[in-house]
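Dear colleague,

I am passing the structure below on to you, together with notes on what was found in it. Please read the notes with the coordinates open beside them.

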Amino acid sequence: MTVDRGTRPARRPVPATRTPEDGLTAAPVNGSADVDHDTTDTATRPVPEATVARLAVYLRVLTTLLAEGRGTVSSEELAADAGVNSAKLRKDLSLIGSSGVRGVGYDVSRLVAEVEATLGLTRPHAVALVGVGNLGHALAGYGGFAARGFPVAALFDVDPALVGTTLDGVVVEHADTIPRVCAERGVTIGVVATPAPAAQQVCDHLVAAGVRSILNFAPTVLVVPAGVEVRKVDLAVEMQVLSFHVARRHGTVPAAGTAAGPATTPRQTPREAVSR
Ligand SMILES: NC(=O)c1ccc[n+]([C@@H]2O[C@H](COP(=O)([O-])OP(=O)(O)OC[C@H]3O[C@@H](n4cnc5c(N)ncnc54)[C@H](O)[C@@H]3O)[C@@H](O)[C@H]2O)c1
């Protein structure tokens, strides 16, 4: 998913109570704000892409805990619920300047705020969805996006049978109006759910409207100018990765360098090879 890392206020320097190797401090969880943050300026430290993806998972777990009224959570519990090991979780959180308290854990509401700030989620991101077919219908009808700060503000299609209809209170508009409507509604994220041949043109319209973050479901590589971020979702690729792991468990994966045939199969075009 496209992640706007946003800007974060610089952290204040802290006394040397922190244990750098495990991200835990000896300070009380409700103690001074000075004592349970990183000792470096995390606002300027780059957060690796893989960490960003895991932060989104931690946030999902944390918001559930918050809704349940939990005040603190241990790194072990949070890591288990997020499906990562606790050392990795503590390292990820230390990268954004968050640390827990030994024997107590992390303050849930504070950690939610810190992760949200890092992910640029302190304001909602209006989403435009283009292509209201099978997939688009499902995405537009999923209430979870709005609940997590991504309200669907605009829907577009070219099918006259769809244009003018309403889906969850949002009118489907003709794709020709993408630039105007997206600009009017302050759309920041565009979702492309059209057939592949239409996707590049749709993407160009979104970029022309000032959209800088695009989530592409179409099985094609989108070309965008510098400053525009594209994330591609391909469930078939995820299944192929699963297939690889199944094959490996069954011992049917050939050793590296011994697989028959070229690295790309004859059926693959260069474009397909790139998109994987
Ligand atoms: N990434 C994934 O895991 C995944 C999964 C399912 C589908 N897909 C892809 O998502 C896309 C949509 O799949 P679907 O099953 O919903 O297809 P669909 O045919 O049901 O829907 C496509 C919609 O796009 C509209 N459309 C066509 N050209 C358009 C344009 N220029 N502007 C706006 N709308 C336009 C069509 O009118 C239609 O309503 C396809 O590219 C498909 O391959 C990806």
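UniProt, in an unreviewed entry, lists residues 121-221 as "domain: CoA-binding"; UniProt positions are given here in the numbering of this model, feature names are shortened, and annotations may be inferred rather than shown by experiment. The end C-alpha atoms of residues 121-221 lie 27 Å apart, and the span is 32% helix and 28% strand. Please keep in mind that this is a predicted model, in which local features need pLDDT of at least 70 and side-chain atom pairs count only at pLDDT 80 or more, while totals for chains, interfaces and linings use all residues. Residues are numbered from 1 along each chain as its sequence is written.

The protein chain has 10 helices and 12 strands, where helices (H or I, at least four residues) and strands (E, at least two) are DSSP runs numbered from the N terminus. Of its 276 residues, 30% count as buried, a residue being buried if 20 or more other C-beta atoms lie within 10 Å of its own, exposed if 12 or fewer, and partly exposed in between, with C-beta atoms placed from the backbone.

Leaving aside its neighbours within four places in sequence, Gly-131 is in contact with Gly-136, Asp-157, Val-192, Ala-193 and Thr-194, contact meaning that the C-beta atoms of two residues, placed from the backbone, lie within 7 Å. Asn-134, by contrast, is found in helix α5 and counts as exposed, with 9 C-beta neighbours inside 10 Å.

Around the ligand there are 26 residues, the closest being Gly-131, Gly-133, Leu-135, Ala-198 and Leu-235; a residue belongs here if its C-beta atom, placed from the backbone, lies within 6 Å of the molecule. The elements that give two or more residues to this shell are α5 (134-140), β7 (152-157) and α8 (196-208), and α8 provides the largest share, with 4 residues. The shell divides into 17 nonpolar, 6 polar and 3 charged residues, where Ala, Val, Leu, Ile, Met, Phe, Trp, Tyr, Cys and Pro count as nonpolar, Asp, Glu, Lys and Arg as charged, and the others, Gly among them, as polar.

Elsewhere, the axes of helix α1 (residues 49-67) and helix α4 (residues 108-118) come within 10 Å and cross at roughly 145 degrees; the axes are lines fitted to C-alpha atoms over the stretch in contact, and angles run from 0 to 180 degrees between N-to-C directions. Among the residues that make this contact are Leu-55, Tyr-58 and Leu-59 of α1 and Val-108, Ser-109 and Leu-111 of α4. By class, the contact has 10 nonpolar, 3 polar and 1 charged residues.

Asp-168, in the loop between β8 (166-167) and β9 (170-174), has a positive phi of about 50 degrees although it is not a glycine, and it counts as exposed, with 12 C-beta neighbours inside 10 Å. Most residues other than glycine have a negative phi. Gly-143, in the loop between α5 and α6 (144-147), is likewise exposed, with 9 other C-beta atoms within 10 Å.

With best regards
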